[in-house]
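User: Could you walk me through this model and tell me what stands behind each label you use?

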Amino acid sequence: MADEIFDENHGAALRELWSLIRDVRIAMLTTVGTDGRLHSRPMATQQVEPEDVLWFFSAKDSHKVEELTENQHVELTYAAPDRDLYVSASGRAQVVDDRGKMRDLWNPGVQAWFPAGPDDPNLCLLRVDLDEAEYWLDRKPKALRITQLLAAAVSGRPPQAGLEDRKLQL
């Protein structure tokens with residue numbers, strides 16, 4: 001398994017990370033509670049911006065917003081097991097009350113959660129500025145991965161590590 005930090009190819013690796021995240025859509029957002037415990041919940045990524053920023057809708061009266069007023073550090077994890085793709089990203093989140101941005105990001109999926117629309121006074125955005133990310137991806141065709149797993153099961157030896165591991169300091 002390769003373990004690399006990209007400096008010179010930062011832009012290319014970041015674009016690749018964005019393309020991977022866009023395909024997954026749902027992230028587990030982990031915040032630090034006021035009691036110091038970690039809390040995770042699924043969140044739909046609304047937009048990925050090229051300058052290391054992710055956007056999410058939230059209710060202002062939610063526990064996560066309360067937690068973010070105490071501690072802005074968050075972790076986001078994305079998983080697509082069918083593609084052998086796993087992403088972990090950390091950064092800082094802030095609560096944003098920008099009705100114009102909300103209207104720009106508005107879509108039918110958000111309407112289901114916030115039926116009052118983008119002018120709902122309890123609606124806010126979470127802006128996550130990423131500091132670092134790591135992802136694991138197996139680029140081999142699925143048929144080859146399955147064959148390797150079957151061969152490992154028959155032989156009693158673990159399969160060869162096939163996941164590409166990349167770290168980004170953002």
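Analyst: Gladly; below we go through the labels one by one.

Analyst: This is a predicted model, so local features need pLDDT of at least 70, side-chain atom pairs count only at pLDDT 80 or more, and totals for chains, interfaces and linings use all residues. Residues are numbered from 1 along each chain as its sequence is written, and side-chain values use heavy atoms, with hydrogens and water left out.

User: Thanks! How do you know how many helices and strands the protein has?

Analyst: Helices (H or I, at least four residues) and strands (E, at least two) are DSSP runs, numbered from the N terminus. Counted that way, the protein has 5 helices and 9 strands, in the order β-α-β-β-β-β-α-β-β-α-α-β-α-β.

User: What makes a set of residues a nonpolar core?

Analyst: The members must be buried Ala, Val, Leu, Ile, Met, Phe, Trp, Tyr or Cys residues, joined through side-chain atoms within 4.5 Å. Buried means under 20% relative accessible area, exposed over 50%, and partly exposed lies in between (1.4 Å probe, protein chains only). The largest such core has 29 residues, and L17, W18, L54, F56, L76, Y78 and V128 touch the most other members. Among the elements that give two or more residues to this core are α1 (10-24), β5 (53-59) and β8 (123-137); β8 gives the most, with 7 residues. A second, separate core of 11 residues includes F57, V96, F114 and L125.

User: Which residues is F56 in contact with, beyond its sequence neighbours?

Analyst: Contact means heavy atoms within 4.5 Å. Leaving aside neighbours within four places in sequence, the partners of F56 include A27, M43, L76, Y78 and V128.

User: Why are the buried residues of α2 said to be on the same side?

Analyst: Those residues are K64, V65, E67 and L68. They cover an arc of only 160 degrees around the axis, so they lie on the same side of α2; the arc is that of the directions from the helix axis to the C-beta atoms. On the other side of α2, H63, T69 and E70 are exposed. The buried residues of α2 pack against β2, β3, β5, β6, β7 and β8.
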